[in-house]
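Here is a short briefing to read alongside the structure.

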Amino acid sequence: MVDMTAYLEKAGIDFDVLEHPRTERAEDEAAALDVAAEQVAKTLVVVSPDGNVRAVLPASERVDLHKVAAVLGVGGKKVHLASEDDLARDYLDFELGAVPPFGGREDRVIVDARVAVRDSIVLEAGSHETSVRLKASDLVRLTRAQIADIRKEEIA
């Protein structure tokens, strides 16, 4: 497994390591760390015609694949969430379902605008028991992320 702390240190990023009981969902991670869900971001892997894309959005939000497709400049039907088989094959360095927005293979990264404007953000660090808190601006700089609104609008 990739040591995410070494990766961040090598990149010159200031961060805090946050250990917590095993969690499977970003909202549960927030509860385990006793922080608001909007302080935690989840990373979803989206498969596109040009390869995998890591989409980072607030823990409490759902991704809008049509918005992601528009950002990528492809048709909405041409992008989908990676399957567990895809993740197991492409992200051997991380626990299944705990892919961070950086480290391992080089993927394009899209950070939702709601994450990008935060001062700091908590992210899984490649395992379900370890998270890191870092400045959102450092996340964007480190991943050379594109910032866009990729959140699914909830219909009232």
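**Sheets, helices and salt bridges**

Strand E2 (residues 41–48) and strand E3 pair in the antiparallel sense, with 8 bridges between them. Please keep in mind that this is a predicted model. The pair belongs to an open sheet of 5 strands, and a second open sheet has 3 strands.

**The five-stranded sheet**

- The strands follow the order E4-E2-E3-E5-E8, and their pairing is mixed.
- Strand E4 (80–81) and E8 each have a single partner strand, so they form the edges and one side of each has no neighbour in the sheet.
- Helix H3 lies across E2, E3, E4, strand E5 (108–112) and E8. Its direction runs at about 125 degrees to that of E5.

**The three-stranded sheet**

- Here the order is E1-E7-E6, and the pairing is antiparallel.
- Strand E1 (15–19) and strand E6 (120–124) are the edge strands; each has a single partner strand, so one side of each is left without a neighbour in the sheet.
- On average, neighbouring strands of this sheet are turned by 25 degrees against each other, direction ignored.
- E1 and strand E7 (residues 130–135) run antiparallel and are joined by 5 bridges. Glutamate 19 stands opposite threonine 130 in E7.
- Helix H2 (residues 26–33) packs on this sheet and touches E1, E6 and E7. The direction of H2 makes about 115 degrees with that of E6.
- Helix H6 (residues 136–143) also packs on the sheet, touching E6 and E7. The direction of H6 makes about 95 degrees with that of E7.

**A closer look at H6**

- Is H6 enclosed or open to the outside? With 6 of its 8 residues buried, H6 is largely enclosed by the rest of the structure.
- The buried residues of H6 are Ala136, Asp138, Leu139, Val140, Leu142 and Thr143.
- After H6 comes arginine 144, which has a positive phi, near 50 degrees.

**Salt bridges**

- Side chains of opposite charge can pair when their charged atoms come close. How many salt bridges does the count come to? The count comes to 17 salt bridges.
- Arginine 22 pairs with glutamate 24, and their closest N and O atoms are 3.1 Å apart. Arginine 22 counts as partly exposed at 48% relative accessibility, while glutamate 24 is exposed, with a relative accessible area of 52%.
- Arginine 151 and glutamate 61 meet through their side chains in a salt bridge of 3.6 Å, N to O.
- Arginine 114 counts as partly exposed at 28% relative accessibility, whereas aspartate 112 counts as buried at 0%.
- Which residues do salt bridges with shared partners join into one network? The network holds Glu61, Lys67, Asp112, Arg114, Asp149, Arg151 and Glu153.

Key
Residues numbered from 1 in each chain as written. Predicted model: local features only at pLDDT ≥ 70, side-chain atom pairs only at ≥ 80, totals over all residues. Heavy atoms only, no water. Pairing = 2+ DSSP bridges. Helix = DSSP H or I, 4+ residues; strand = E, 2+ residues; numbered from the N terminus. Axes fitted to C-alpha atoms, helices over the stretch in contact; angles between N-to-C directions. Contact = heavy atoms within 4.5 Å. Salt bridge = Lys/Arg side-chain N within 4 Å of Asp/Glu carboxyl O. Buried < 20%, exposed > 50% of the residue type's maximum accessible area, 1.4 Å probe, protein only.
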